[in-house]
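Good morning, and thank you for making time for this item. I ask that you keep the sequence and the structure in view while I speak.

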Amino acid sequence: MKQVVQNYKSGELALLDVPVPGCKPGGVLVRSAYSLISTGTELMKVSEAGMSMVGKARSRPDQVAKVMQSVATNGVPATYRKVMGKLDSYTPLGYSLCGVVEEVGAGVDDVKAGDLVACAGNEHALHAELNWVPKNLYAPVPDGLAPRHAAFGTVGSIALQGVRQGESRLGEVALVIGLGLIGQLVVQLLAASGVRVVGVDPDPVRCELAERLGAAACGDPASAAVEATVAELTGGHGVDQVYLAAGGGSNEPVELAARLCRDRGRVVDIGKCRLDLPWNAYYEKELDVRFSRSYGPGRYDPEYELEGRDYPIGYVRWTERRNLACFLDLLARGSVDVEPLVSHIADFDDAVETYRSLKDGELKAVAVLFRYPEQAGEAAAPVVAVPAVAVPTASRKPSPVRAARTPVRLAFVGAGNYATSMLLPHLARRDGVELATVVTTTALSAANAQRKFGFAGATTDLDSVLGDKSIDAVFVVTRHSSHAELTRRALLAGKSVFVEKPLALTEDELAGVLAAVEESGNDRLQVGFNRRFAPLLQEARKQFGARTGPASLRYLVNAGRLQHGSWYLRQGTEGSRFAGEGGHFIDTASWLLEADPVSVYPVATSGNEDLQVVLRYPDGSTATISYVTTGAPGFPKETLDLLADGKVLRLDDFVRASVHGPRKWISSRLPKARDKGQSAQLAAFVKAVRTGGPMPVPMESLVATTAATLAVRAGLAGGAPVTLAGAR
């Protein structure tokens, strides 16, 4: 299928061929009929992409701050790879469309194939021929409403949410600053509510349009006529509400709002407006400044948007989805008219040229629609043509031994930040490796990985990959909640498997993986515990030498706080932070102590954010892992001390190491790039797949580390040490 994309580094716009997205549970697959270009938001993104690197940095100081923090935590090389990987990737455009339901996922019962729906979301309602849309981000289109009008649903919801934030009342007077697409819709919604509206915009054509659509009067912001009209309509008191629907870097909108608003009036910011508030003016009138968050309650909440958890109507009357349905109803009843806003309808095949015309100013428009090829009358074709693959029987055994010169063919399931910055760069340039297929649930991420790393194919169909006998190994680099199930399926298909940590989030998931190993006879498994492969730590252990007595190990992990919206915060589905990351540190401790733990005793601060995890080993050795989120962000993330037999091994964040004992060894004091062992681990895994030799880490150790990580939760609940079954 085709999708409009942009490379943020180069500014290139393209109509790209990408895989068809899969229809996941909790949503529907929608074939687009019309999608709407947001001439404000999208053209701002297009313009930013055309800036120099310095210009991009100046336009996004928030992102620059994140980059500097990443440099402090991960070092310059890793941060550079991550940032450039993001910049030099195709990103999607679009967030408002109308289309026909092509396929219905499990758990959806309010629509069926063939229904017309309006869709929302900058990750789900894209300028693409097909989109997977979760339940709370679509709404059925009322009978009789034209699809091209329903495509305004998302932008209409933004305007509607802004009006709700203003709490307008019948008979009041409002000022709308900025008469672009959002401003025009705000004017109509206010007029339909019985509010008299004054509009402000430097473009006389937009002012005339707003007056035709219900505004009492409109004019240039510098015109004295606007102030005179406000004074006449309000008896000299000023407007009750001001809606800021303007963009750009000027501070004039907020200054004008202060002049024309009444005492204790309301100012609502809907667009991305500069907000250097003149303190005296806002203070003296005690103005109420409010923000309108996109489509409404539920926006940016992954449990609402992705998991379909609705808010009770008794507590949240107007959610994101209910706003969308409400705006569609207003359109269907004629209370809002979007036809006069349609400046141009372009065929989807002409998308790149349309964006260029808008950016260069050749096409002057309030709203532009993409029209997709008509599907009526064509025979229905299945979205995915590859047949499902039968699960192999227990008698099927893997055949790992390969000819020496035959490349190892790898498939990646998942192509997120970690895969593209920490794994694929090492594999893409490794001799004897062929990147065969990348599988993702979103079409564009697969296409990006294929373009950047040279995968032979890209798909959203996992079954086709598991059924491909030429694939030697499968990398599972998805979100934590899917690791165990995907690993189980790949093992049953006879593949060697590299799964990023954690292997499992629950004891049942771990048991399922082990059952797959027993059923298939396939134990070709590696978990991404890479720190034991770090060259600096390996050299330090060598310098420390053999150990005769029990050891004490202290591992301080300065994990830091997560950014708002991080999927790591979704503990209900993705597990706790320690469940996801703690295996790294337990595995490292066990490797240094050359044994698996026999008991785990965790203690946590209030809220379980900071953990102390004490591990006991068969020879009496102990390891204490301090996993903290409240430390200084500039302090190194990982520091480790191992003490035994009159010797001390010290590791400072994989940059420097030292051993103190009968003789002293100190690694280079010059700053080095942090090498946490990803490259060496991947080399060991590929070698094992190619030669049929043992996996880099024994299965028993992988299971023991996972069991110890899971035991932390049980120990916190019980407040006592947990003895690990089968510990050796």
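I shall take the helices and cores first, then the strands, and then the salt bridges.

This is a predicted model, in which local features need pLDDT of at least 70 and side-chain atom pairs count only at pLDDT 80 or more, while totals for chains, interfaces and linings use all residues. Residues are numbered from 1 along each chain as its sequence is written, and side-chain values use heavy atoms, with hydrogens and water left out.

Let me begin with helix α8, which spans residues 204-212. Helices here are DSSP runs of H or I with at least four residues, strands are runs of E with at least two, and both are numbered from the N terminus. Which residues of α8 are buried? They are C207, L209 and A210. Seen down the helix axis, these buried residues fall within an arc of 160 degrees, so they line one face of α8. Buried means under 20% relative accessible area, exposed means over 50%, and partly exposed lies in between, with a 1.4 Å probe and protein chains only. The arc is taken from the directions that run from the helix axis to the C-beta atoms. On the face turned away from the buried side, α8 carries the exposed residues P204, V205 and R212. The cover over the buried residues includes α7 (181-192) and β11 (217-219), where contact means heavy atoms within 4.5 Å.

The two ends of α8 also deserve a word. After α8 comes G214, which has a positive phi, near 130 degrees.

I turn to the nonpolar cores. A nonpolar core is a set of buried Ala, Val, Leu, Ile, Met, Phe, Trp, Tyr and Cys residues joined through side-chain atoms within 4.5 Å. The largest core has 54 residues, and those that touch the most other members are F152, L181, L185, V186, L190, F327 and L341. Elements that each supply at least two residues of this core include β3 (27-37), α6, α7, α8 and α13 (320-332). Which element gives the largest share? It is α7, with seven residues. As for L190, its contacts beyond four places in sequence include V163, V176, V197 and Y243. A second, separate core of 40 residues includes V557, I586, A711 and L724.

Helix α6 covers residues 153-166 and contains T154. T154 counts as buried because its relative accessibility is 1%. Setting aside residues up to four places away, T154 touches Y95, S96, C119, A120, G121, Y295 and L324.

Next, the strands. Strands β28 (residues 647-652) and β29 (residues 656-660) pair in the antiparallel sense over five bridges; two strands pair if DSSP finds at least two bridges between them. V648 stands opposite H660 in β29. Three residues lie between the strands of this hairpin, where D653 takes a positive phi near 55 degrees. β29 also pairs with β30 (residues 665-666), again antiparallel, over two bridges. In this second pairing, S658 stands opposite I666, and the hairpin has four residues between β29 and β30.

Finally, the salt bridges. Side chains of opposite charge can pair when their charged atoms come close. A salt bridge is a side-chain nitrogen of Lys or Arg within 4 Å of a carboxyl oxygen of Asp or Glu, and the count comes to 37.

R554 and D641 form one of them, with their closest N and O atoms 2.6 Å apart. R554 lies in β23 (residues 552-558) and D641 in β27 (residues 638-644), so the pair ties together parts that are 87 residues apart in sequence. R554 is partly exposed at 30%, whereas D641 is buried at 11%. Salt bridges that share partners also join E167, R169, E172, R266, D288 and R290 into one network.

D349 and K2 meet at 3.6 Å, N to O. The two are 347 residues apart, with D349 in the loop between β15 (342-347) and α14 (351-360) and K2 in β1 (residues 2-7). D349 is exposed at 52%, and K2 is partly exposed at 29%.
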